[in-house]
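Thanks, everyone; I would like to take a few minutes on pockets and surface. Please have a look at the model first.

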Amino acid sequence: MGRLTEVVAELAGREGVQAVVVLSADGLAIQQVARESLDADSLAALTASVVQYAGRLGTGAAAGAFRTGVLEYEQRLVVIAQVGSGESLAILAAPTADVGPLLYDLQQQRPALAALF
């Protein structure tokens, strides 16, 4: 888990990123870094539900497996990325954050991230 800790800390250190939670397919928080108080267990459980429904949407739309999604809320952005055989990342960012480079890096590093699990 040492390398996973480094990757999570690196992601959390990006400009505009407020928190990173790594979660299992069943919604358990595996690793987390947050700049403020965060209920990582609740976020992990809710994110697992979103991933499950996003997968169903992909099937229904004949779009394939869910990989990454960005949800925009009034007070923050939530980036969800599947990275392992069931593990996902939930990244909370400021609403003004430029998540383009983050999304690109997640896409490029997905195999390396999957290898951490």
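This is a predicted model: local features need pLDDT of at least 70, side-chain atom pairs count only at pLDDT 80 or more; totals for chains, interfaces and linings use all residues.

Residues are numbered from 1 along each chain as its sequence is written, and side-chain values use heavy atoms, with hydrogens and water left out.

A pocket here is an open set of points on a 1 Å grid over the protein atoms alone, where a 1.4 Å probe fits, with protein on both sides within 12 Å along at least five of seven lines, and lining residues have an atom within 4 Å of a point. The largest pocket has a volume of about 230 Å³, and its lining includes Arg3, Glu10, Asp105 and Leu116. The biggest contributor to that lining is α3, with 5 residues.

The second largest pocket has a volume of about 190 Å³, and among the residues that line it are Leu38, Val50, Leu71, Tyr73 and Arg76. Here α2 supplies the largest share of the lining, 4 residues.

Where does tyrosine 73 lie? Tyrosine 73 sits in the loop between β3 (68-72) and β4 (77-82), helices (H or I, at least four residues) and strands (E, at least two) being DSSP runs numbered from the N terminus. Tyrosine 73 counts as partly exposed because its relative accessibility is 49%, where buried means under 20% relative accessible area, exposed over 50%, and partly exposed in between (1.4 Å probe, protein chains only).

Notes: Grid points are joined across faces, edges and corners, and a volume is the space filled by probe spheres set on the points.
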